[in-house]
Amino acid sequence: MATVLTVTANTLIDFLGPADLVRGKVCRVPRFEITAGGKGLIESRVLVAHGHRVLAAGFAGGLTGELLREQVRAEGIEPLFAATASRTRIGFQALSPRGAFALLENGFQVRPAEQRELVRAIRRRASTCQLVLIGGSVPDPSCQDLYRQIGQACAGAGIPVWLDSYGPALERALSGNCPPQLVKLNRQEAPAAGLLDRVEEVHLTDGPRPVRVRGPWGRFRVSPPRIRERNPVGSGDSYLAALAHARLSGFSYLDQLRYAAAAGAANAELGAVGRIAPADAERLVAKVVVEPLDEQACAQVERAKSVPSRRTRRRRSIAT
């Protein structure tokens with residue numbers, strides 16, 4: 001399997017527990033599950049579950065930063081964190097019959113020297129990886145140029161970068177000299193179309209509704225399967241991590257889209273953020289619908305009908 005580097009600038013320690021919140025009453029839970037939070041760290045868990053080696057870069061500070069490092073190591077992920085004087089932020093999530101509720105700190109202060117240390121650490125290790133995934137917000141307004149700098153460092157090592165972010169941090173990364181090869185974002189976060197035109201491949205998600213994809217193989221609409229949703233948090237991250245796994249594993253492009261959408265739905269159905277295994281996604285793949293939206297995409301679909309997919313060939317080889 002491949003080595004992937006994930007970047008989570010706005011890391012957090014997340015406390016997740018079952019709780020039926022009632023206004024004005026103390027709510028006691030059996031226990032909290034402590035997880036390493038933030039988009040890149042959720043992606044890291046999914047990739048590790050699929051057998052990849054994962055290096056997780058970001059910021060970690062104070063007692064919560066130490067807890068973050070311990071949690072990351074315990075999950076089989078290699079930490080690559082730059083230390084900060086400020087502590088890592090904290091979040092709480094409650095899963096109730098009426099849905100999921102989240103309470104998150106916005107971020108934490110990051111000094112310029114701490115930002116430079118993170119970029120240096122990524123530059124040193126990027127050449128050992130096949131892909132870099134950058135995810136989430138930045139913890140401090142002074143970090144708005146961070147993703148552009150990381151993209152430039154990875155480009156110098158010849159490593160592709162996929163980005164899932166929003167706001168000024170995303171816009172600066174898109175307008176830089178080395179924009180990411182792929183951007184995943186939800187419909188509410190989409191920047192000016194002119195900036196997205198600089199990106200080779202775009203995946204535009206919209207909650208449980210179809211994903212719009214534009215890339216070298218054409219334009220597609222990817223409809224995820226219908227599920228009983230428990231907790232949608234982390235579904236977009238599971239989508240992107242599963243897409244990375246499928247691409248690094250040599251799946252056909254249409255199978256990549258199916259597997260990614262199935263993984264995102266599986267995460268929402270299971271409710272445990274980023275805890276999906278390959279079997280969870282595999283059981284939903286057949287229920288994903290991929291529709292071509294232009295002639296180039298139609299040609300891709302017709303070609304796929306005449307050439308067995310990688311997953312089909314693998315099943316045949318196992319059967320024989």
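Buried here means under 20% relative accessible area, exposed means over 50%, and partly exposed covers what falls in between (1.4 Å probe, protein chains only). Everything below comes from a predicted model, where local features need pLDDT of at least 70, side-chain atom pairs count only at pLDDT 80 or more, and totals for chains, interfaces and linings use all residues. Residues are numbered from 1 along each chain as its sequence is written, and side-chain values use heavy atoms, with hydrogens and water left out.

View 1. Rings of Phe, Tyr and Trp (the six-membered ring for Trp) pair if their centres lie within 6.5 Å; planes under 30 degrees apart are stacked, over 60 edge-to-face, and the rest tilted. That rule gives six aromatic pairs.

**View 2. Phe15 and Phe32 make an edge-to-face pair.** Their ring centres are 6.2 Å apart, and the planes stand at 80°. Phe15 belongs to strand S2 (residues 12-18), while Phe32 is in the loop between S2 and strand S3 (33-37), so this pair ties together parts 17 residues apart in sequence. Strands (E, at least two residues) and helices (H or I, at least four) are DSSP runs, numbered from the N terminus. Phe15 is buried at 17% relative accessible area, whereas Phe32 is partly exposed at 39%. Ring pairs also link Phe92 with Phe15 and Phe32 in a cluster.

**View 3. Gly24 sits out in the S2–S3 loop.** With 83% relative accessibility, Gly24 counts as exposed. Its C-alpha atom is 35 Å from that of Arg209, which is 185 residues away along the chain.

**View 4. The largest nonpolar core has 48 residues.** A nonpolar core is a set of buried Ala, Val, Leu, Ile, Met, Phe, Trp, Tyr and Cys residues joined through side-chain atoms within 4.5 Å. The residues with the most contacts inside this one are Trp162, Val213, Phe220, Val222 and Leu257. Helix H8 (residues 253-270) gives the most to it, with ten residues. A second, separate core has 39 residues, including Ile134, Ala169, Leu170 and Leu196.

**View 5. Which residues does Trp162 touch, leaving aside neighbours within four places in sequence?** Contact means heavy atoms within 4.5 Å. Among the partners of Trp162 are Leu131, Val132, Leu133, Ile134, Leu182 and Arg247.

**View 6. Helix H1 (residues 39-49) crosses helix H7 (residues 235-248).** The axes, lines fitted to C-alpha atoms over the stretch in contact, with angles from 0 to 180 degrees between N-to-C directions, come within 8 Å and cross at roughly 45°. In H1, Lys39, Ile42, Glu43, Val46 and Leu47 do the meeting, and their H7 counterparts include Asp237, Leu240 and His245. Eight of the eleven H1 residues are buried, so the helix is largely enclosed by the rest of the structure. Just after H1, Gly51 takes a positive phi of about 95°.

**View 7. H7 packs on H8.** The angle is about 150°, and the axes are 7 Å apart. Residues that meet include Tyr239 and Leu243 in H7, and Leu257 and Tyr259 in H8.
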